[in-house]
Each structure stands twice: as structure tokens, then as C-alpha cells.
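I opened the model to look up aromatic pairs, the sheet, the cores and the overall totals. My entries follow in that order.

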Amino acid sequence: QVRTELGRAAIGSWDSYQLKQTLDAIERATDEYTRRIQAEVGGQLVELWSLGQDSVTGPMNEAGIFSGYNISQSSLDAISEFTFHKIANVGADAFNKIKSELTLGMIGTKTPQQVADAIGGSLKDPGVFKSIAERAEVITKTELGRTFSIASQKRMEQAAKYVPGLVKIWDHAGHPKQARLSHLAVHGQQVPVDEPFKLEDKNGYRLMYPHDPNADISETIKCGCDHVVWKAEWGEIPKKFRDE
């Protein structure tokens, strides 16, 4: 849409009025895109919240343990609001970058082609959209993972009130070539549900679970780890935690 609007501007006179009209059209497109992203991610957050709970209730149900209690969705609401705010910032930053380039065109500092190249980019030089797209993707993946982990942790904590002996196990599920050595080191580690894992961030905070929002961002961004519930009476922990 942005390229189309720039093309229309280039066909006509490349003047301030035309560029202002182009900028308004781009702003409307950016706002609409942001709304669509928020709607889609909102649905995914709800799904991951449910899946996080199921990751705990599933094994417990298989073991014949009742787990029909509900957990508050206040955390989900907070995560959703925070994620929507971050996504809105991505859209705003994209528009501001576009506006900055178009302003240079309005005052004659850049030619139409230079403006178009700076905004749209090319195969050799993707321009501003590559970094913005990557940022949006990282935000989405991080917050979806965080939602899953928080739902799992809250379900574990509630279950532990009624079922003694529950522990949680850190599961390093990320790509080995992109692994944090500290996360690999705690793979298979068992701790009580209400205690942190032996994994510290750079500030000395010990993580309660993967994607812990209290941890430094360096420990949570692009993290692919999970944590699972276990009980000694169920037998040996799964082989994957003993062999890695």
C-alpha cells in the first residue's frame, strides 16, 4: 500500500500538497494494519493461555488427579494490553520513519526515487521494513511464549495447593545452535512449583519459569524453552530430560 501511494505521488507533481495526501493515506493504512495485527495476536494469546493450562491439566488428568479448578485471567488481560501497546508502537515507529523520509521529499532534500528507495527498499537493501517486521515478529513470539509459560505456572501453583509433591522441570526446547548455554544447563532441572530455577539473569534474579517477566529481557527474548509439571509417583522423568 505504501509503495502504491508513493507511485501515485510520483506520477503527479512531486509537491508538498501531493506528499501530504500521500502521508495521510499511508497513516490510514498503517493504523488499519496495526488493528488487524492486534486482533490476530489477541486471538493467539487466548489460545496460548488455554494451551498453557492444558500442558498441566493433561498430565494430571492422565494420572487421575482432578484439575478442574479455574485460574484468574487477570494476567492474560495484562499481557494482552502490554502486547497491544508494543504492537501499536511498532506501527507508530513505522509511520514516523515513513513520515521522516517524506518530509525530506517535501522540502526538496531528497528526490522521489530516493524517498521511495529509503521507505520501500529493494531486494539488496530491504530498508526500514525489514527491521520493523523483525521487531514485530520478536514481540509476537516472545509474548505468546510468555503467555503460555505464565498460564502453565499459575495452573501448577494452584494444583500444588491440592496435590503435594508436584515439581516443575525446565525444558530447553529452543534450537541447539541458537541456545543460551545457561538455559541448556538447567534443562531437566527439577524444583518445587513455588521455587525458582537455578538460573540467574545478569541482575541476579532467578527465573521462576521461561519468559519470566521479572527477568532481564536478555533471558526471555527469542527464548524457546518451556517448563512441565511432574510428580515422583509418576515414575522416572521422561527420557529426554535425563539424556540431554
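The classes I used are buried under 20% relative accessible area, exposed over 50% and partly exposed in between, with a 1.4 Å probe and protein chains only. W230 counts as buried at 15% relative accessibility.

This is a predicted model, in which local features need pLDDT of at least 70 and side-chain atom pairs count only at pLDDT 80 or more, while totals for chains, interfaces and linings use all residues. Residues are numbered from 1 along each chain as its sequence is written, and side-chain values use heavy atoms, with hydrogens and water left out.

Next I checked ring pairs. Rings of Phe, Tyr and Trp (its six-membered ring) pair if their centres lie within 6.5 Å; planes under 30 degrees apart count as stacked, over 60 as edge-to-face and the rest as tilted. The count came to two aromatic pairs. The ring centres of W170 and F197 lie 5.1 Å apart with planes at 85°, so I logged the pair as edge-to-face. W170 sits in strand β1 and F197 in the loop between β2 and β3, 27 residues apart. W170 is buried at a relative accessible area of 0%, and F197 is buried at 0%. For W230 and W234, centres 5.3 Å apart and planes at 80° make the pair edge-to-face.

I then traced the sheet. Helices (H or I, at least four residues) and strands (E, at least two) are DSSP runs, numbered from the N terminus. Two strands pair if DSSP finds at least two bridges between them. Three strands form an open antiparallel sheet in the order β2-β1-β3. β2 (190–192) and β3 (226–231) are the edge strands, each pairing on one side only. Three bridges join β1 (residues 166–171) to β2, and K168 stands opposite V191 in β2.

Which residues touch the most other members of the largest nonpolar core? I found L45, W49 and I150, in a core of 14 residues. Such a core is a set of buried Ala, Val, Leu, Ile, Met, Phe, Trp, Tyr and Cys residues joined through side-chain atoms within 4.5 Å. α2 (16–62), α3 (74–106) and α5 (128–160) each supply at least two of its residues. A second, separate core of 10 residues includes M60, Y69, A159 and V229.

Last, I noted the totals. The protein has seven helices and three strands, and buried residues make up 41% of its 244 residues.
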